[in-house]
Amino acid sequence: MAELTYRDAVARGIAQEMARDPDVVFLGEDVAKAGGVFKATVGLLEQFGPLRVRDTPISEQAILGAAMGAAMTGLKPIAEIMFSDFFAVCFDYIANEFPKSRYMSNGQTKCPLVVRTGNGAGSRFGAQHSQSVENWCMMIPGLKVVAPSNPRDVIGLLAAAVRDPDPVIFLEHKSLYATKGEVPDGEIVDTLGTASIVRPGKDATILALALMVPRALAAAEKLKAEHHIDCEVIDVRSLVPLDTQTILGSLARTHRLFTVEENPRLCGWGAEIVSIAADEGFYDLDGPPVRITTPHIPLPAADILEDIALPTVDRIADRVKRSLGA
Amino acid sequence: MARKPARAPNDDIGEDVRLRMYRMLVEIREAEQRAFDLFLQNLVKGTSHLSLGQEAVAVGFACAMQPGDLSFCTYRGHAHTLARGVPVEKVLGELMQRDNGLMRGKGGSMHLTSEEHGVMGSYAIIGAHLPIACGAAWRAQYKGHSDVSVCFFGDGTTNIGAFHEALNFAAVWKLPVVFVCENNLYMEYTPIGEVTAVEHPAAGRASAYGLEAIVIDGQDADEVYRAAMKAYEKARAGGGPSLIECMTYRYSGHSRADPAKYRPEGELDKWLKRDPVKIYRERLKQFGIEEKVIEKIGADVMRVLDDATEKCKAAPMPPLELLTTDVYADGGWAWRN
């Protein structure tokens, strides 16, 4: 067991998979010699050499297209898109090519690849380098979408993503890169499509993803200390496949459901889960499900504005408290 | 009966390849014409983009390939698919969206794919497959495989970003990929010259990526074949990518919806005089191949095509359970538990 940053966990996860399988290759902008703009891939070039760890031009379409062609013909590429906002310039691959080729070809074409990207706000980068785009990805049939909240999950879910036969979008949160967590020694391999109950509780279920997980946990502690409200916090981890059984099971125990979403409100991931809860967990609910989200706005650069845009610990706690009538 | 030797002195192509190319030219010509006829009978649904007039490009490049070489096609991909040896019944079946189609009706005309024949997909988003072909070539380079990835696209593709990203990427990484531009003079309905800054939409950009500017006669299958062989050899030898612009012409409109009324008077007639099937028929005769051999090829092609057409007409529609198969690698579509 060692303490590791989320950033170092990325490099360790990639290294674990590259050491295991020579077909795993890695490409992206500034990922090799520079070790990544977020320093999440430091040391990989030295360890695995320039044939497997490759710097690319600023050509997001070429990066994702090349990853797909390599995946179709036998490699297991990991491609980095520096900021998830840049998905918009290579969205053809994410929306049209990766997820549809298997279906359109009646199962002939395979696409086992991982797209890693820096997602989310908190760096004061403004509206085009701060977005949470998990909902952009979640809505596309054929993709898998995961977003780890801690170093251990980074390694385990990254390994699972690399080993998965489908295209996986792997959303790393920029504001979590510097955070630390305990990570066991040796190989770590997790399972896609599994949510994790990170704090058991009996009064309400709070669902969160990535940076919102530590905030939901802090809000749960505050609610407990100040109002004796005992919240269960679930780290959703994987939007596709979605672990609805863990979520609905929790709802059946707590009878209240909250989502904490960094994506802007319209069509955020929580909307789908609330809809599932309405369909399948309606009689377990003692009150309306509540979505706590970023408003439907582009993100501002100024720190005081960005800070109030995202769900905060206080906002989460306040919203839960008011909904429970405490 | 004595006849002139089929292999002329110093000829590099030879009779076997020439007969194969002629058969394929005729097969594509007749299959595309059949596809058009089946539209009129409302038996081909959706859209379709024919290669009538452009057959020699598909044939020359495909016949110069080795088994294992990979083709990446566009939505105008029937010709390139057939040229790799995919049975015409499979192609027509897919156009007719029947269960006997290449993808059992799940892809349709614009997405013909037959990996067992090296047809790695037909891509309907302009430019998308150029980077994908780069990736396949990267795999060959990384694994030390000798196959070449060949990527076909139209003149209109040269004005989209992915074209430029792919060309630069392939050149910088020295990838074994051959980019083939079929310049048929029209992007869709608009003449390519009206929307492109250089006279040759592909070759005119080659120097920007350190590549040779190559323009060939796309109506002469021999010229296409020779250009293909040269580019494949370069790619296999580690010499990196090539970009080849083939001057050609489509006899029909962009798609089934387009009557091509925008073409100037006489343009089609001018190109019909340089018809690739006609040119090649004459070429066979020049090399001493007897008329009856040529006629038999045509008759064989028609027999297979007629038989395929009847089989497709009789084939069932795809079963409804195909709706949700192969979304994910487990064969199903489950996105939740």
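Reader: Why is the pairing of Lys285(B) with Glu291(B) called a salt bridge?
Author: The term needs a side-chain nitrogen of Lys or Arg within 4 Å of a carboxyl oxygen of Asp or Glu. In this predicted model, the closest N and O atoms of Lys285(B) and Glu291(B) are 3.5 Å apart. The pair therefore qualifies.

Reader: What makes Lys285(B) and Glu291(B) partly exposed?
Author: Buried means under 20% relative accessible area, exposed over 50%, and partly exposed in between (1.4 Å probe, protein chains only). Lys285(B) has 31%. Glu291(B) has 38%. Both values fall in between, so both residues are partly exposed.

Reader: Which residues are joined into one network by salt bridges that share partners?
Author: Asp11(B), Asp12(B), Arg18(B), Asp220(B), Asp222(B), Arg226(B) and Arg283(B).

Reader: What are the ground rules for numbering and for confidence?
Author: Residues count from 1 along each chain as its sequence is written, with chains lettered from A and ligands numbered from 1 in the order in which they are written. Because this is a predicted model, local features need pLDDT of at least 70 and side-chain atom pairs count only at pLDDT 80 or more, while totals for chains, interfaces and linings use all residues; side-chain values use heavy atoms, leaving out hydrogens and water.

Reader: How many salt bridges are there over all chains?
Author: The search of the whole structure finds 44. One of them joins Lys222(A) and Asp314(A), at 3.3 Å from N to O.

Reader: What does the pair of Lys222(A) and Asp314(A) tie together?
Author: Lys222(A) lies in α7 (212-227) of chain A and Asp314(A) in α11 (313-323) of chain A, so the pair ties together parts that are 92 residues apart in sequence. The helix names come from DSSP runs (H or I, at least four residues; strands are E, at least two), numbered from the N terminus. Lys222(A) has a relative accessible area of 26% and Asp314(A) 49%. Both count as partly exposed.

Reader: How do you know that Glu295(B) and Arg281(B) form a salt bridge?
Author: Their closest N and O atoms are 2.4 Å apart. Glu295(B) sits in α11 (291-314) of chain B and Arg281(B) in α10 (276-286) of chain B, 14 residues apart.

Reader: What makes Phe83(A) and Phe125(A) an edge-to-face aromatic pair?
Author: Rings of Phe, Tyr and Trp (its six-membered ring) pair if their centres lie within 6.5 Å; planes under 30 degrees apart count as stacked, over 60 as edge-to-face, the rest as tilted. The whole structure has 17 aromatic pairs over all chains. For Phe83(A) and Phe125(A), the centres are 5.7 Å apart and the planes 70 degrees. That is within the distance limit and over 60 degrees, so the name is edge-to-face. The pair links strand β4 (76-83) of chain A to the loop between β5 (114-119) and α5 (134-138) of chain A, 42 residues apart.

Reader: Are Phe83(A) and Phe125(A) buried or partly exposed?
Author: Phe83(A), at 7%, is buried. Phe125(A), at 42%, is partly exposed.

Reader: Why is the pair of Tyr186(B) and Tyr262(B) called tilted?
Author: Their planes are 50 degrees apart, with 5.2 Å centre to centre. Tyr186(B) counts as buried at 5%, whereas Tyr262(B) is partly exposed at 26%.

Reader: How many salt bridges cross the interface of chain B and chain A?
Author: Two. Lys143(B) forms a salt bridge with Asp23(A), with 2.7 Å between the closest N and O atoms.
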